[in-house]
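Good morning, and thank you for the time on today's agenda.

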Amino acid sequence: MSRANPQIGGLTLEQARAQLAPWRERAPAIDAAEYQQRIERARECMRREGRDALLITAGTSLRYFTGVPWGASERLVAMLLTLDGDPILICPGFEAGSLSHVVKIPVQSRFWQEHEDPYALVIDTLRARGASPLALDPAAAFAIFTGLRAAAPGLDLADAGGIVDGCRARKSAAELALMKQATAMTLQVHRLAAGLAEEGVTTATLRRFIDEAHRALGADNGSTFCIVQFGHATAYPHGIPGEQSLREGELVLIDTGCSVQGYQSDITRTYICGRADDEQIRIWNLEQAAQQAAFEAVRPGVSGEAVDDAARAVLQRGGLGPDYRLPGLPHRTGHGCGMSVHEAPYLVRGNRVGLEVGNCCSNEPMIVVPQRFGVRLEDHFYVTGEGAAWFTEPSPAIDRPFAD
């Protein structure tokens, strides 16, 4: 096979593995002072929304506010925050020792035993603080909502989405540094994976290598996710089942990311194996232009809807769409990213909320040509006072996926 560019193909697995080593420029962890600032910012949002208390359950938001990295289970683990006093952690009694090793802020703890009702404990603690109404984590399981209702039928309970998003959507300098490390690591993994993209390589081989590479560089748990598709399978935004072997003249689409101290990367590259035909080049160039138009539309105060509109206008002028019609863009232009791969704010029709300095979003106005191929170029940006800044440099050409 003749390679159009040395960035694609030409590496053996052994050669690619030889280039893997722990990441040298590691961003510092979030410090105690920043965790405390997050608590105070949450209280500001609570006052604005008229809520005396906030309940954050296990998951990414609990990690954001307290440093506790535990995922949700059937046992209630939660932070109860009121307008005054230390946050209170509600936790199973047998987890007390483990909790003390992971929490990053001063807290009071309330423990419940296996035969006890943890929701009654939440309500008793809430009443002891004289706090009501309560805002509930939007990611909380329905069982938590019903448990609280059963323990206090008259409880004024509301969605805490505005409070949580009001805190998490604006990234600090320390958060941006962690995301810059995560995206730089994933871009390096993409470079090595592209070097393996020779005719005959399988999707399974690339997925295994990408996970191995993320682990070798120092990601929290290898790949957070990984989509590898060739040829007609690239026309499905999140892929289709089954393994494939790469053939010359097919597009390669790889979408992957990792986590660094809980902060996520999410990058997609689409490029050609061998030489592209005229239609592949035309669609790829439209995708690049749409991604750039979305980027240029970003500035503080501009809505997520307006950024989505900017990308779609390019595609429509190119004869695609309109709206979600195919060939064209079947989904939103982008999503927020941080401790979750998908979080607020979203670049989508109907989102008229203005972007703010510190917001971080993907920019991925994918083009799908049904039954033939798809092209997705995905890089993330963060909002500055002047506009947008890239975490990673976008792809220059269909046969040159990396800027240098």
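First, some remarks on the source. This is a predicted model, in which local features need pLDDT of at least 70 and side-chain atom pairs count only at pLDDT 80 or more, while totals for chains, interfaces and linings use all residues. Residues are numbered from 1 along each chain as its sequence is written, and side-chain values use heavy atoms, with hydrogens and water left out.

Let us begin with the whole chain. The chain contains 11 helices and 17 strands; here helices (H or I, at least four residues) and strands (E, at least two) are DSSP runs, numbered from the N terminus. Its C-alpha trace spans about 75 × 45 × 35 Å along the principal axes. The radius of gyration, taken over C-alpha atoms, is compared with a globule rule of 2.2 Å times the number of residues to the power 0.38. Because a compact globule of 404 residues would have a value near 22 Å, the 23 Å of this chain agrees with the rule. Of the 404 residues, 54% count as buried, where buried means under 20% relative accessible area, exposed over 50%, and partly exposed in between (1.4 Å probe, protein chains only).

I now turn to helix H5. At the start of H5, a side-chain oxygen of Asp 117 comes to within 2.9 Å of the backbone nitrogen of Tyr 119. Just after H5, Gly 130 adopts a positive phi of about 65°.

In S2, 5 of its 5 residues are buried. Ala 78, Leu 80 and Thr 82 point one way, whereas Met 79 and Leu 81 point the other way.

What are the partners of S2? Two strands pair if DSSP finds at least two bridges between them. S1 and S2 run antiparallel and are joined by 5 bridges, with Leu 54 opposite Leu 81. S2 also pairs with S3 in the antiparallel sense, over 3 bridges, and Ile 88 in S3 is the bridge partner of Leu 80. The hairpin of S2 and S3 has 5 residues between the strands, and in this hairpin Gly 85 takes a positive phi near 85°.

Note on methods:
Polar contact = N/O pair within 3.5 Å; in protein donor to acceptor, adjacent residues only side chain to side chain.
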